[in-house]
Each structure stands twice: as structure tokens, then as C-alpha cells.
Amino acid sequence: MEAEISSFKKRMNIVFTVIATVTAGLFSLAFLVLIIVTGQGKFRLIVSGIWLLYLVRKLIKGAENHHFGWSIAGIIIKTPVLLIMSMMFIGVSSAKPWQYSYQRAYIHYYRSWYKEVLPQELPKDIDDYVFSYLPTFGQGGGHDSVRFSAPTETIEVYEKEYASQAIYTIPLSDFKDSYIYYVKDISPKAEQGLDEYPNNTLHIYYDNKFWNDTDATVYVISAVHDFNHPSSYAVIISNDHTKIQFTQLG
């Protein structure tokens, strides 16, 4: 009887160790794919990878001696933790254009309610590309941004499209590295925030390093004038029509 109980325990040890290993392996594979296509999930991969390596080591040494209670505990504790980590979303920064569509889809999955304003596709023959996303958290204002250099004819097409939509057209130099501009005449197409009194502050996000020593024009497509919770969508184009940035704040 004791031999049967011992044999049963050993079988359970193997079964649940394999189940835990498969679970850890699936998480690790998902996080690895996520890193490749979006650049997200390095810490999550490390956590799941350590768990996977631990279980693989137990399988190699002999899973029948690894009490199934530890495997069950690992599944019960670590699976919810990894699921919660999967739902956590942090910023994205990438200089790889091929990741752009995957990153947009990934971000949209986490904020399906949010209006997408960045280009659906990137033009050909771009250079100096950077995509940046920072989620809004508390009082901190998040942003979406994609910037790149492109042939003059490509930038001119963008300018023709967005200049006609602008509610404000402002030289980038007027922001003076502060990301804030004080509008003299508030556009009727702009919105006021929740401030008690009318607010003329216009906030935008732009890549200061990218635009350093470059004359450019900011075409503000939409804006919410609110000092505490500002929002804006703008397209910034260099005056020589070689550089562009699509940027949304808030």
C-alpha cells in the first residue's frame, strides 16, 4: 500500500511539474514575442524565464522528487502575477520602423477608447526614425509621437494635408524649449479644460533633440487649453521640408 502511495505521489510530482513548466514556457514565449515586435516586456520575460529554468532543472534532475505541492503553489501564485504584469503597460521607445504597426496595435489594445491620430502607415525612404509612447498616469501627461526625416516631396504632401486643418500655426521657436505657448487669440475650434477661468496655455510634446537648431512650424490640429490637464495634437514640419513629427499630448 505504501509503495502504491509513493508511486502515485511520484506520478503527481511529474504531472504537475510538467504542467507548471508548460505554463512558464507559454508565458516566456509570449513575452519573448512581445519584446521582438514591440520592445515591451523585458522584466516580465526575466521573471517567467527564471521560473521556467527552475522547473526545467527539476525535470532534468528528476521531477518525481519535486513535490507536486510546490508546482501547484507556483501555478497558483505566479500565474496571476504574470497575468497582472501582462496587463501593465509602460512606455515605448523604438528606432525600428518595422515595429511601428505592431506597437500601434499593442497600444490600441490597451486603450481602445483612445482616439488614434498617428499615421496608419509610414512612408518609404525614411531616416532618423523614433516612435515614442508614454501613457498618462495621474497628473503626468502622456504622449504619442513619431518623427522621422523623409524626402522633400513626402514632407510637402504632409504639409499640404495638415496645414489646412490647423487651428494654430506657430513657429516652433516660439515654444522656447518650454513645450508651452501662450495663445493670444483662442481658436473657436479649440476646447477649454476644467479650469475655472478661460485658459490660453497651449501644451505640445516635441522631441527637442530632433528639432535642435532646426527652423520648423507647428501645425496644431486640435487643443484643449487646460494648465493641469492639457491636450493637443500637432504636426511639426521643418521649414526645409526634410523632417516631420506627429505628436499627441494628453
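**Exercise 1. Find the strand that holds Ile180, and list the contacts of Ile180 beyond its close sequence neighbours.**

Keep in mind that this is a predicted model. Start with the element: Ile180 lies in strand β5, which covers residues 180-182. Next, set aside the neighbours within four places in sequence; Ile180 is then in contact with Phe175, Thr201, Leu202 and His203. Finally, take one of these partners, Thr201. Ile180 and Thr201 are separated by 21 residues in sequence, yet their C-alpha atoms are 6.6 Å apart.

**Exercise 2. Work out which residues touch the most other members of the largest nonpolar core, and which elements supply at least two of its residues.**

Begin with the members: the core has 21 residues, and Phe131, Val146, Phe148, Val235, Ile244 and Phe246 touch the most other members. Then turn to the elements. Two helices, α4 and α5 (152-163), each give at least two residues to this core. So much for helices; the strands that also supply at least two each are β2 (127-134), β3 (143-149), β8 (216-225), β9 (231-238) and β10 (243-249). Apart from this core lies another one, with 19 residues, including Ala190, Tyr206, Phe210 and Ile236.

Now look at Phe148 by itself. Beyond four places in sequence, its contacts include Ile244 and Phe246, as well as Leu122, Tyr158 and Phe210.

**Exercise 3. Identify the residues of the nonpolar surface patch, and decide whether Tyr102 is buried, partly exposed or exposed.**

First, the patch: Leu29, Leu32, Val33, Ile36, Trp98 and Tyr102 form a nonpolar surface of about 600 Å². Helix α1 (residues 2-38) contributes the most, with four residues. Tyr102 belongs to helix α4, residues 100-110. Now classify Tyr102: its relative accessibility is 45%, so Tyr102 counts as partly exposed.

**Exercise 4. Compare the span of helix α2 with the expected value, then list its buried residues.**

Helix α2 runs over residues 42-62, 21 residues in total. From first to last C-alpha α2 reaches 30 Å, close to the 30 Å expected at 1.5 Å a residue. The buried residues of α2 are Arg44, Ser48, Gly49, Trp51, Leu55 and Gly62.

Conventions: Residues numbered from 1 in each chain as written. Predicted model: local features only at pLDDT ≥ 70, side-chain atom pairs only at ≥ 80, totals over all residues. Heavy atoms only, no water. Expected span 1.5 Å × (residues − 1). Buried < 20%, exposed > 50% of the residue type's maximum accessible area, 1.4 Å probe, protein only. Patch = residues over 30% accessible without salt bridge, like charges linked within 9 Å, V, L, I, M, F, W, Y side chains within 5 Å. Areas by Shrake-Rupley, 256 points an atom, 1.4 Å probe, with all protein chains shown as cover. Salt bridge = Lys/Arg side-chain N within 4 Å of Asp/Glu carboxyl O. Core = buried A, V, L, I, M, F, W, Y, C linked by side-chain atoms within 4.5 Å. Contact = heavy atoms within 4.5 Å.
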